[in-house]
Amino acid sequence: MARLSTPAAPRTSVTADSGPHPDAPVGPVAVVASHRRRFGEREVLRGIDLSIAPGELVALLGRSGCGKSTLLRGLAGLDDVPREEVRVTGRTAVAFQEPRLLPWQRVQRNVELALLAEGDRRDRARRATAALAEVGLAERCDAWPLHLSGGQAQRVSLARALVVEPELLLLDEPFSALDALTRIEMHQLVIELWRKHRMAILLVTHDVDEALALADRVVVLDQGLISYEWRTELPRTERSPERPEVAAARADILHALGVRPLPPNPDRDPVTGRLPHPTNPTRSNR
Amino acid sequence: MSSSTITEVPAAAGIVDPDLPRGGPPTDPLRVAAPARSRSAGRVGRALLPWLSPLALLVLWQALSSLGVLQESTLASPVTIAGTVRDLVTQGLFGSTLQQNTLVSAQRALLGFAIGAALAIVLALPAGLSAAGALVIDPPMQMLRMLPHLGLIPLFILWMGLGEQPKIALVAFGSVFPLYLNLVAGIRGVDRKIAEAATSMRLSRWQRIRYVVLPGAMPHAMTGLRQSLGVAWLTLIVAEQIAADRGIGKMIMDAREFLMNDVIVVGLVVYMLLGLLTDALVRLVERRVLAWRA
């Protein structure tokens, strides 16, 4: 059931409600081949093969310390990695777990700074305003980052990544510090933006349900190796956890991550399903 | 019981407002702590409040003097001192008025402080930004800062005589270190995560320094600036009293010769006011530079 990954063929990722932008390059936006990373004695990545097609939304799942952030950092160009192991074509942008905004620059300037290398001042300002409008924060342009809520700050961070029009957007657990409701809104926002811009996204997460809900392809990283891969063409609206294939994938992914299912309560009567004693005193009130 | 818990559910859900800023309502989190400030009548009252206890101390001082507990020959009363101020302003003492003396002292302090601060910035930038710079600049700075700079007075007089130079040089020397140390700490303590975000945005080294490192060091720089200013005034007061032909220090030394404790107190009060004034100026600058911290 848990299929070990082979180096993914680049052009096989056409899915139900995604697909590359018509103008996008045909080849993959990123190819990772036999990629190894070692910090001292510890080998964090032990031969990773991964290819990301234009417009593909890939979730990289793993426990803390499995090497998923290391892989992302290599793709983002934040670490020195051999070019033959990690090849990225086109522009990348990163949104981190923390918003990492410059607190001494107003929101608008924070987004403009991502464009510092290109365009004239007016063009940068125009694009930053547009990006902020896209994440629904046009009216917070002049705010200081420290005055934003956690969700707002994370949306500014997303706008800052989007404003450069990346071919590959790298999201490093960007929702994990948000409360549950804000997280749902952020999921919807990311999908909306992705549908509109059609960039490839690599979403690093440790949330299985988030990965299942958002990604075309879920890649499980375990102890420096890809241990499981799952692709789906199901529309995102039809990925309820009750659906057999989603439930099966969820079970497989959890298994690949080493999470064992909870055994049934041995006290429960196997026929009636009742517990031997009423243990919930408020039950009579209902 | 159970029905009340049900009705509470929507309210509880309403609390989880993702757009509620972390510090409080969106406008000004300080307002939450001090809501009375928004009313102007209350604001005036509150502004006067901190002056009450100093005023009470002044009244107590005057009362003790009037009752004869405090001898005029030991410490003049506030009323006497007020008269002395008037005399010093209109007639002066030994040919120079209080304003002239104040101006001379302030010039010395500010010029010395400016030189010291400039030197601190010039030294702290390479020491904070580059490993090589730190290796060259930091060890001698760490040694020199342990040198009690007031002990340098004889040497400075030997080198520069009794004019303005040794005083200004001493003030400059003293005020270099607080700003230097704070600035280096601020530059080195830059938030690595934000610096990394700047790298991921492909900002050049110079752009990272310009937009991340230097603004990030500003809170430290402001602390250093205020500490340096304090050292500058302290140094000036000592230096002026060793050897000076003009200035507040000279006025105090003359007063000592003639047992005029009222003039000495006036000199000290002038030092105090100058210190408060410059500190308030730095705080004003700080409010503007660090507006983002609000």
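Reader: In this predicted model, is B:Arg226 buried, partly exposed or exposed, and what is its relative accessible area?

Author: The classes are separated by cut-offs: buried means under 20% relative accessible area and exposed means over 50%. B:Arg226 falls between these limits and is therefore partly exposed, with a relative accessible area of 28%.

Reader: Which residue forms a salt bridge with B:Arg226, and how many residues apart in sequence are the parts that the pair ties together?

Author: The partner is B:Asp279, with the closest N and O atoms 3.1 Å apart. B:Asp279 lies in helix α13 of chain B and B:Arg226 in helix α11 of chain B, so the parts tied together are separated in sequence by 53 residues.

Reader: Where do B:Arg108 and B:Glu164 lie, and is B:Arg108 buried or exposed?

Author: The two side chains meet in a salt bridge at 2.8 Å, N to O. This pair links helix α6 (residues 98–129) of chain B, which holds B:Arg108, with helix α9 (residues 164–188) of chain B, which holds B:Glu164. B:Glu164 counts as partly exposed at 26% relative accessibility. B:Arg108, by contrast, has a relative accessible area of 1%, so B:Arg108 is buried.

Reader: Which residue of chain A forms a salt bridge with A:Arg183?

Author: A:Arg183 lies in helix α5 of chain A, and its partner is in the loop between β7 and α6 of chain A, 24 residues apart. The closest N and O atoms are 3.7 Å apart, and the partner is A:Asp207.

Definitions and conventions: Residues are numbered from 1 along each chain as its sequence is written. Chains are lettered from A and ligands numbered from 1 in the order in which they are written. This is a predicted model: local features need pLDDT of at least 70, side-chain atom pairs count only at pLDDT 80 or more; totals for chains, interfaces and linings use all residues. Side-chain values use heavy atoms; hydrogens and water are left out. A salt bridge is a side-chain nitrogen of Lys or Arg within 4 Å of a carboxyl oxygen of Asp or Glu. Helices (H or I, at least four residues) and strands (E, at least two) are DSSP runs, numbered from the N terminus. Buried means under 20% relative accessible area, exposed over 50%, partly exposed in between (1.4 Å probe, protein chains only).
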